[in-house]
Amino acid sequence: QKIEAPTGGVTLSYDLSPGQVYKGKVISSQSVRATTGASLSRGFEFDVTLTVRGPAPEGQGIMVTARYSNVNIRWGLPPGATFSVGELVSKATSQLQNMEVSFYVDETGKVVFMPELPSDMPEDLRFVVQEAIDTLETAFLPVPSRPLKSGDSWKDDKVRGRKGKLGRYLEANTTSTVEGFFRDEAHKTDVTRLKIDETETEITTAKTGSHEVKKQTSTTALFAHADRYLSSLERTRQTFDPGNATIFTTLKVQWTKAPPPQGSAAAIKQVQDITDPCHPDYVGGEDCQPGVPPGGTNPGDQAAPTEPP
């Protein structure tokens, strides 16, 4: 149900209090159509628990730990593969189940550091596990820090490398639009709906020539602005790799914000914000006195005498 936003707009921000926990469900699927006519499909489905740890070392952002569970891998191999897909899936599932990855994000939700996989991991297994980590990284959504109003739109351009030179050159153009503000009855929260369209061109140039790959991506996201977290994200992507394949990818993510565990910094802060001594979760030195405002005195109490100067 559509709702009216405050006249000053809505500012999106993440709750990255130490100890805060988020529960996620991630479903990714991919269909590959090779130029030879062969096709294959693959994908992931897993649950993930995110725990905010606190400031990362050397001011690199905020550390977050992700723990994988309920891992389900659907994996296809191209014709002529020399190893068993069943064995590969079994090894990858065992590697991912209950695996923990600690990475860093900034205040906007952008992933600024993701660790590398061990160098001694077998190449076929590395590919599958890296895909699961990359899928988790794309399940995040960086948000602007300025107030947003319905209909607001902005562009972000990204360029890496040097065009026409040896190596990799990447150019991406992104347009984000606020489609409106809504009441999400399923999660009992108000959300901002965002639409993001991106076009990316990557050119790899070698002495023998260059190769161009294009990607077109469309994302719809619901951000729970009152509770400060990404509620859901749906993304479709088409990758055009001339001479090799066309790849269709879909990603669906659902997040819920869990109460922080007792004893965490976030939980302690919640309790300490309660100033009413009669509140059942109050922690402090005052006694409950019904009818008396916090910090006040009982009617008829006399003021304590002051010491003479």
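First, the ground rules. This is a predicted model, so local features need pLDDT of at least 70 and side-chain atom pairs count only at pLDDT 80 or more, while totals for chains, interfaces and linings use all residues. Residues are numbered from 1 along each chain as its sequence is written, and side-chain values use heavy atoms, with hydrogens and water left out.

The protein chain has 3 helices and 11 strands. Those are DSSP runs numbered from the N terminus, with helices being H or I of at least four residues and strands being E of at least two. In sequence order the pattern is β-β-β-α-β-β-α-β-β-β-β-β-β-α.

The chain has 309 residues, and 37% of them count as buried. Buried means under 20% relative accessible area, exposed means over 50%, and partly exposed is in between, with a 1.4 Å probe and protein chains only. The accessible surface is about 17900 Å², and carbon and sulfur atoms hold 50% of that. The areas come from the Shrake-Rupley method with a 1.4 Å probe, and for residues only the protein chains shown count as cover. On contacts, meaning heavy atoms within 4.5 Å: taking those with a separation of 6 or more, 58% are between residues 24 or more positions apart.

Now the rings. Rings of Phe, Tyr and Trp (its six-membered ring) pair if their centres lie within 6.5 Å; planes under 30 degrees apart are stacked, over 60 edge-to-face, and the rest tilted. That gives 8 aromatic pairs. Take Tyr14 and Phe223: the ring centres are 5.0 Å apart and the planes are at 85 degrees, so this pair is edge-to-face. Tyr14 is in the segment before β1 (21–34) and Phe223 is in strand β9 (residues 209–224), so the pair ties together parts that are 209 residues apart in sequence. Both Tyr14 and Phe223 are buried.

Elsewhere, ring pairs join Phe44, Trp75 and Phe127 into a cluster. There is also a charge over a ring, which requires NZ of Lys or CZ of Arg within 6 Å of the ring centre and within 35 degrees of the ring normal. Here the charged end of Arg146 sits over the ring of Trp154, 5.0 Å from its centre.

On a 1 Å grid over the protein atoms alone, a cavity is a set of points where a 1.4 Å probe fits but cannot get out; a pocket is an open set with protein on both sides within 12 Å along at least five of seven lines; lining residues have an atom within 4 Å of a point. Points are joined across faces, edges and corners, and a volume is the space filled by probe spheres set on the points.

How many cavities of 30 Å³ or more are there? The count is 1. The largest cavity has a volume of about 170 Å³. It is lined by 14 residues, and the closest to its centre are Tyr14, Leu16, Tyr22, Leu50 and Phe140. Strands β2 (39–55) and β10 (229–241) each supply at least two residues of this lining.

Leu50 lies in strand β2 and counts as buried at 5% relative accessibility. Beyond four places in sequence, the contacts of Leu50 include Tyr22, Phe103, Phe140 and Trp255. Leu50 and Trp255 are 205 residues apart in sequence, and 9.9 Å apart from C-alpha to C-alpha.

The largest pocket has a volume of about 1200 Å³. Of its 31 lining residues, Lys110, Pro142, Lys158, Thr174 and Glu198 lie nearest the centre. The elements giving two or more residues to that lining are β6 (153–160), β7, β8 (189–206), β9 and β10.

Ser176, in strand β7 (residues 167–184), counts as buried at 8% relative accessibility. Beyond four places in sequence, Ser176 touches Asp152, Ser153, Trp154, Lys195 and Ile196. Thr205 is in strand β8 and is buried, with a relative accessible area of 19%.

Last, a helix residue. Ala132 lies in helix α2 (residues 123–137) and is buried at 0% relative accessible area. Outside four places in sequence, Ala132 is in contact with Phe44, Phe46, Tyr68 and Leu96.
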